[in-house]
Amino acid sequence: MVSAARLPGVRIHREAYLRKALARYCSEDEIRIAIEETPAAAGISLDVLDRAANDSIRYETTKVSALSAAAGLPGFMALPATVPADMAQYFGHMLRIAQKLAYLYSWPDLFSDDGDDVDDATMGVLTLFFGVMFGTQSANAAVGKVAEMMAKQVAKKLPQKALTQGVIYPIVKKVAAYIGVEMTKQTFAKSVSKAIPVVVAAVSGGLTFATYRPMAKRLKKHLSDSELAKPTHRVVVVEADEVHESFVAEHAESHASDGTADTAEDPRPS
């Protein structure tokens, strides 16, 4: 994920993106407040945000599918080079849509403009976003709690302590391990799709379209349903570092009730 975040064009400039994404639907004053604070603080309705999100999902899906199809053209002999490159651009486009959806639904700027480094809190929340995209229930719960914390404390920064040391951090590690397994499966599937001459490009691009779009839609739905996305929140610079102990109890209780071990993931059906 760190390597993908360093690829050219992967990082989304929040101000430029919000201005462009909302231009068709919002007044200049609404856009200004959305940039200075958040779309929720600007009072922009979820219906408008959903339309802007769908525009971005269509754009990124078309782009990633076209690039995947192009990567399939060289065929079987080029597999050692094309599969890693295709996976890198796929991961990069997952990061792009995660940022776009986050900014529309009132999450703060995820990347610093200084250098290529990605801080631990950003890595943590992006890992959870990826977990939501892959359908993991623990990631859904963790993202919801982080959003609830930030909305309640009117925070403009990611909760560093919660994401790197608190009760959410073990979930981040668990989700990261699960993502590794899922990406290995996708790498194998892409290798198979690229091993068939003539139809390689169509199969490769179609496989990317069939996986990427539903994942983006899943993240969109989860972020749009979160407490942070609701219109009315006015933002000030505060850092949320505390996680309510009820999250620990709820998390433990959910595992106890379904008999699932802490190390297991339960992907939500697509």
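Predicted model: local features only at pLDDT ≥ 70, side-chain atom pairs only at ≥ 80, totals over all residues.

Author: Residues are numbered from 1 along each chain as its sequence is written, and side-chain values use heavy atoms, with hydrogens and water left out.

Reader: Which residues have the most contacts inside the largest nonpolar core?

Author: In soluble globular proteins, nonpolar side chains tend to be buried together. A nonpolar core is a set of buried Ala, Val, Leu, Ile, Met, Phe, Trp, Tyr and Cys residues joined through side-chain atoms within 4.5 Å; buried means under 20% relative accessible area, exposed over 50%, and partly exposed in between (1.4 Å probe, protein chains only). Here the largest core has 73 residues, and Leu22, Leu104, Trp107, Leu110, Leu128, Phe129 and Ile168 have the most contacts inside it. Helix H5 (residues 79-104) gives the most to this core, with 11 residues; helices are DSSP runs (H or I, at least four residues) numbered from the N terminus.

Reader: What is Leu104 in contact with, beyond four places in sequence?

Author: Contact means heavy atoms within 4.5 Å. The partners of Leu104 include Tyr17, Leu22, Pro39 and Leu49.

Reader: Is Ser106 buried or exposed?

Author: Ser106, in the loop between H5 and helix H6 (120-134), is buried, with a relative accessible area of 6%. Thr62, in helix H4 (residues 46-72), is exposed at 54%.

Definitions and conventions
Helix = DSSP H or I, 4+ residues; strand = E, 2+ residues; numbered from the N terminus.
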